[in-house]
Amino acid sequence: MAVPTLFAALASGALIGLILGLVGGGGSILAVPLLVYVVGVGSPHVAIGTAAVAVTLNALASLVGHARAGRVKWRCAGVFLLAGTTGAALGAELGKAVDGQRLLALFGLLMIGVGLSLLRPRRTAEAPDVRLTLDSAARLLPRLVPIGLGVGLAAGFFGIGGGFLIVPGLILATAMPLACAIGTSLVVVAGLGLTTAASYAAGGLVDWPVTAWLVLGGALGTVAGIRLGQVLGNRKGVLERGFAAIVIGVGVYVTVSTA
């Protein structure tokens, strides 16, 4: 691997990790554009496969801390993951069958839509004690299963962990607090990412050296992001709006460049 490519992969991973540390999720949506336009991965499909592997490993690493803090709703995560994995497997096959440039254009449009949705204020009443039990199953399962299936389909199609979709999806389905949704989403991100990564790896569509440096950069960026987030404290709303603006801007660039 050329030295400029190595540093580009390391820096891209650090940026993704920094965003994950600051806003608790969503950094993976930038992975594919960074790999294509900054690192210089020539094939959009290889970029998607590489991003999926990196996102899976980073999610597993982050999950440990959230689980220790008790911010993971394991049963809700299990149902969401089961439905999402089915959608992700189908989505990955569909994504590989689509022309690379068209896939990037669709990805850009998705980024714009997600960025705009992030700007909307959250008004959902929180249910911090929500649990998936025999009593609550009749209410929660009809929400968790279809939302999980739809999120998985998008995650597999675009080769992303889907945290930026899983977090609001979990909140919509269960009304759990944001902190719990972030921790719980990492279980689903890892599972969906693994499904997508396995599909692309089986087709030889993963750049493993780039993946290694992307993961290393992500680990360093996550540590820095968490520390910076602690310093900024109550300005998380500003950070989330800034992230939304970045997502929209990158989405516009990707869409225009593939037109």
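1. Helix α5 covers residues 100–118, and at 1.5 Å a residue its 19 residues should span 27 Å; the C-alpha atoms at its ends are 27 Å apart, which agrees. The expected span is 1.5 Å times one less than the number of residues. Helices here are DSSP runs of H or I with at least four residues, strands are runs of E with at least two, and both are numbered from the N terminus.

2. The model is predicted, so local features need pLDDT of at least 70 and side-chain atom pairs count only at pLDDT 80 or more, while totals for chains, interfaces and linings use all residues. Residues are numbered from 1 along each chain as its sequence is written, and side-chain values use heavy atoms, with hydrogens and water left out.

3. The protein chain has 10 helices and 0 strands. Read from the N terminus, its elements run α-α-α-α-α-α-α-α-α-α. Of its 259 residues, 50% are buried. Buried means under 20% relative accessible area, exposed means over 50%, and partly exposed lies in between (1.4 Å probe, protein chains only).

4. Among contacts in the protein chain with a separation of 6 or more, 84% are between residues 24 or more positions apart. A contact means heavy atoms within 4.5 Å.

5. Which residues of α5 are buried? They are Gly 100, Leu 103, Leu 104, Phe 107, Gly 108, Met 111, Val 114 and Gly 115. These residues cover an arc of only 145° around the axis, which puts them on the same side of α5. The arc is that of the directions from the helix axis to the C-beta atoms. An α-helix has 3.6 residues a turn, so residues three or four places apart point the same way.

6. How do α3 and α5 lie relative to each other, and at what angle do their axes cross? Helix α3 is residues 44–68; its axis and that of α5 come within 8 Å and cross at roughly 55°. The two helices are therefore oblique to each other. Angles under 35 degrees count as roughly parallel, over 145 as roughly antiparallel, 65 to 115 as roughly perpendicular, and the rest as oblique. Axes are lines fitted to C-alpha atoms, for helices over the stretch in contact, and angles run from 0 to 180 degrees between N-to-C directions.

7. At this crossing, Pro 44, His 45 and Ile 48 of α3 meet Gly 100, Gln 101, Leu 103 and Leu 104 of α5. The residues of the contact divide into 4 nonpolar, 3 polar and no charged. Ala, Val, Leu, Ile, Met, Phe, Trp, Tyr, Cys and Pro count as nonpolar, Asp, Glu, Lys and Arg as charged, and the others, Gly among them, as polar.

8. Thr 50 is also in helix α3. Thr 50 counts as buried, at 0% relative accessibility. Apart from neighbours within four places in sequence, Thr 50 is in contact with Leu 35, Leu 205, Val 206, Asp 207, Val 210 and Thr 211.

9. Helix α4 (residues 74–97) has 24 residues and reaches 34 Å from first C-alpha to last, close to the 34 Å expected at 1.5 Å a residue. Its buried residues include Gly 84, Gly 87, Ala 88, Gly 91 and Ala 92.

10. Gly 152 lies in helix α6 (residues 137–158) and is buried, with a relative accessible area of 0%. Gly 152 and Gly 91 are 61 residues apart in sequence, yet 7.4 Å apart in space, C-alpha to C-alpha. Leaving aside neighbours within four places in sequence, Gly 152 is in contact with Gly 84, Gly 87, Ala 88 and Leu 192.

11. With neighbours within four places in sequence left aside, Gly 156 is in contact with Ala 88, Gly 91, Ala 92 and Thr 196.

12. Ala 175 sits in the loop between α7 (163–174) and α8 (178–202). Its phi is near 65°, a positive value in a residue other than glycine. Most residues other than glycine have a negative phi. Ala 175 is buried, with a relative accessible area of 17%.
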